[in-house]
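Have a look at the picture, and then we'll go through it piece by piece.

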Amino acid sequence: MFLSQAGAQPRMWEASPSEHKKWVEVFKACDEDNKGYLSREDFKVAIVMLFGYKPSKIEADSVMSSVEPNTSGIVLKEFLSIVRKKKEAQVYWNEIRHIFTAFDRHYRGYLTLEDFKKAFRQVAPKLPERIILEVFRLIPTKWASVLKTADWRNVNCASTSYQEKVKELSLL
């Protein structure tokens with residue numbers, strides 16, 4: 001399914017029981033003193049364990065600023081919510097990357113306007129070419145004639161407004 005058909009938003013994603021259990025185990029492992037919460041440093045270690053990267057200062061500040069004022073850190077419930085949202089985003093961007101790769105038949109790391117047209121013809125054959133051209137032009141690219149992998153993410157945002165127009169015309 002093309003992501004614009006899903007509203008260009010990450011779908012709600014539920015962790016499997018084993019994955020949920022892993023998140024709880026990571027929380028407990030990082031809560032070394034059994035305080036019942038994760039400090040800023042504990043949180044960073046937990047993210048490294050689960051996602052393989054160290055959160056930036058900005059990300060850590062953002063998370064810590066959202067912590068309930070009467071606690072000294074991130075409690076389990078908040079931690080699970082944060083991890084679920086991060087996992088949803090990861091799944092969403094992986095899906096976008098997968099779709100882009102499927103349309104990048106020549107493995108160049110970018111799509112030309114012709115590649116872009118072919119991609120849309122496959123997923124929305126009745127979509128007028130003028131709309132495809134408008135979407136392609138709305139995407140900020142480094143070069144006017146190619147769409148790189150990072151730009152592909154913007155296709156979903158740009159095409160959402162056109163999705164409404166297309167539905168009105170009953171073309172999909």
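In which loop does Asn 34 lie? Asn 34 sits in the loop between α1 and β1. Before going further, a word on ground rules: this is a predicted model, where local features need pLDDT of at least 70, side-chain atom pairs count only at pLDDT 80 or more, and totals for chains, interfaces and linings use all residues. Residues are numbered from 1 along each chain as its sequence is written, and side-chain values use heavy atoms, with hydrogens and water left out.

**The overall layout**

The protein has 7 helices and 4 strands. Helices here are DSSP runs of H or I with at least four residues, strands are runs of E with at least two, and both are numbered from the N terminus. Starting at the N terminus, the elements go α-β-α-α-β-α-β-α-α-β-α.

Of the 172 residues in the protein, 38% are buried. Buried means under 20% relative accessible area, exposed means over 50%, and partly exposed is in between (1.4 Å probe, protein chains only). As for contacts (heavy atoms within 4.5 Å), take those between residues at least 6 apart in sequence: 59% of them join residues at least 24 apart.

Most residues other than glycine have a negative phi. Asn 34 is exposed, with a relative accessible area of 66%.

Tyr 107 has a positive phi too, of about 55°, although it is not a glycine. Tyr 107 is found in the loop between α4 and β3 (110-112), and at 68% relative accessibility it counts as exposed.

**A look at helix α2**

Helix α2 covers residues 40-51, which makes 12 residues. From its first C-alpha to its last it reaches 16 Å, close to the 16 Å expected at 1.5 Å a residue. That expected span is 1.5 Å times one less than the number of residues.

Which residues of α2 are buried? They are Asp 42, Phe 43, Lys 44, Ala 46, Ile 47, Leu 50 and Phe 51. What do they pack against? The buried residues of α2 pack against α1 (17-30), β1 (37-38), α3 (57-65), β2 (74-75) and α4 (76-103). Just after α2 comes Gly 52, which takes a positive phi of about 80°.

Ala 46 also gives us a distance to a residue elsewhere in the chain: Glu 25 and Ala 46 are 21 residues apart in sequence and 9.9 Å apart in space, C-alpha to C-alpha. Glu 25 belongs to helix α1, and it is partly exposed, with a relative accessible area of 45%.

**How α1 and α4 meet**

Helices α1 and α4 pack at an angle of about 125°, with their axes 10 Å apart. Axes are lines fitted to C-alpha atoms, for helices over the stretch in contact, and angles run from 0 to 180 degrees between N-to-C directions. The two helices are therefore oblique to each other: angles under 35 degrees count as roughly parallel, over 145 as roughly antiparallel, 65 to 115 as roughly perpendicular, and the rest as oblique.

On the α1 side, Glu 19, His 20, Trp 23, Val 24, Val 26 and Phe 27 make the contacts, and they meet Leu 76, Phe 79, Leu 80, Val 83, Arg 84 and Lys 87 in α4.

**Salt bridges**

How many salt bridges does a search of the whole structure find? The search finds 12. A salt bridge is a side-chain nitrogen of Lys or Arg within 4 Å of a carboxyl oxygen of Asp or Glu. Here are some of them:

| Lys or Arg | Asp or Glu | Closest N and O atoms |
|---|---|---|
| Lys 44 | Glu 41 | 3.6 Å |
| Arg 108 | Asp 115 | 2.1 Å |
| Arg 130 | Glu 134 | 4.0 Å |

Lys 44 and Glu 41 both lie in helix α2, 3 residues apart, about one turn of the helix. Lys 44 is buried at a relative accessible area of 13%, while Glu 41 is partly exposed at 47%.

Arg 108 is partly exposed, with a relative accessible area of 33%, whereas Asp 115 is buried at 11%.

Glu 134 and Arg 130 both lie in helix α6 (residues 129-138), 4 residues apart, about one turn of the helix. Glu 134 counts as partly exposed at 30% relative accessibility. Elsewhere, salt bridges that share partners join Asp 31, Lys 35 and Asp 42 into one network.
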